[in-house]
Amino acid sequence: MRGFYIGRFQPYHNGHHRMVEEIASEVDELVLGIGSAGDSHSPRNPFTAGERIMMVNKAVSDFDITTYAVPIEDLDRNSVWVSHVQSMSPAFEVAYSNNPLVIQLFKEAGVEVRQSPMFNRDVLEGTEVRQRMIEDRDWESLVPDEVADVVHEIGGIERIQHITDTDRSERPRTGGQDDPNPC
């Protein structure tokens, strides 16, 4: 049986890793959908789909399961989202999610959905990891070593710090069309 698990993985962290480990005990193969694949270089989505595929592939390489990481671009039409996902992915029999909307959409499309427990959710979430990167605090303990290696390889810390930096100390922010920091 092949399962499907989607996430933005901005970045892939130990909570995701534990969930994949749990899912791997239930299925023979796993498709990891890299959500919001078209988004990058923003505070909420600093990493490209290709960089996140590297993170995921390297992090799950030790699991005894065949995995496929596939980019899934956003589609702002929920009624056709599942068919969009299915068109971008190898076929799967069961989807894993804890997101109420994703669960509802898969169920309406007739796909079995399973939920998995979340692990240390107050700390193991992408927002916390990204904030620690920005503030130059310990973030590496929240991600698999392979993910930390990829982040360093791509200059990810410098990127997220740069794209979240402001020019407020130099001049007032106008918020207008010529504002150099529209994020």
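Mentor: Helices here are DSSP runs of H or I with at least four residues, strands are runs of E with at least two, and both are numbered from the N terminus. This is a predicted model, in which local features need pLDDT of at least 70 and side-chain atom pairs count only at pLDDT 80 or more, while totals for chains, interfaces and linings use all residues. Residues are numbered from 1 along each chain as its sequence is written, and side-chain values use heavy atoms, with hydrogens and water left out.

Trainee: What makes Arg 18 and Glu 21 a salt bridge?

Mentor: The term asks for a side-chain nitrogen of Lys or Arg within 4 Å of a carboxyl oxygen of Asp or Glu. The closest N and O atoms of Arg 18 and Glu 21 are 3.8 Å apart, so the pair meets the definition.

Trainee: Why are Arg 18 and Glu 21 separated by about one helical turn?

Mentor: Because they are 3 residues apart in helix α1, residues 14-24.

Trainee: Why is Arg 18 called partly exposed?

Mentor: Buried means under 20% relative accessible area and exposed means over 50%, with partly exposed in between (1.4 Å probe, protein chains only). Arg 18 has 38% relative accessibility, so it counts as partly exposed. Glu 21, at 40%, is partly exposed too.

Trainee: How do you know that Glu 26 and Arg 114 form a salt bridge?

Mentor: Their side chains meet at 3.1 Å, N to O. Glu 26 lies in the loop between α1 and β2 and Arg 114 in strand β5 (residues 112-114), so the pair ties together parts 88 residues apart in sequence. Glu 26 is partly exposed at 38%, and so is Arg 114 at 23%.

Trainee: What makes β2 and β3 a pair?

Mentor: Two strands pair if DSSP finds at least two bridges between them. Strand β2 (residues 29-34) and strand β3 (residues 66-71) have 6 bridges, in the parallel sense, so they qualify. The chain crosses from β2 through helix α2 (residues 49-60) to β3 in a right-handed β-α-β crossover.

Trainee: Why is a crossover called right-handed?

Mentor: Because, with the strands pointing away from the viewer, the path from the first strand over the helix to the second runs clockwise.
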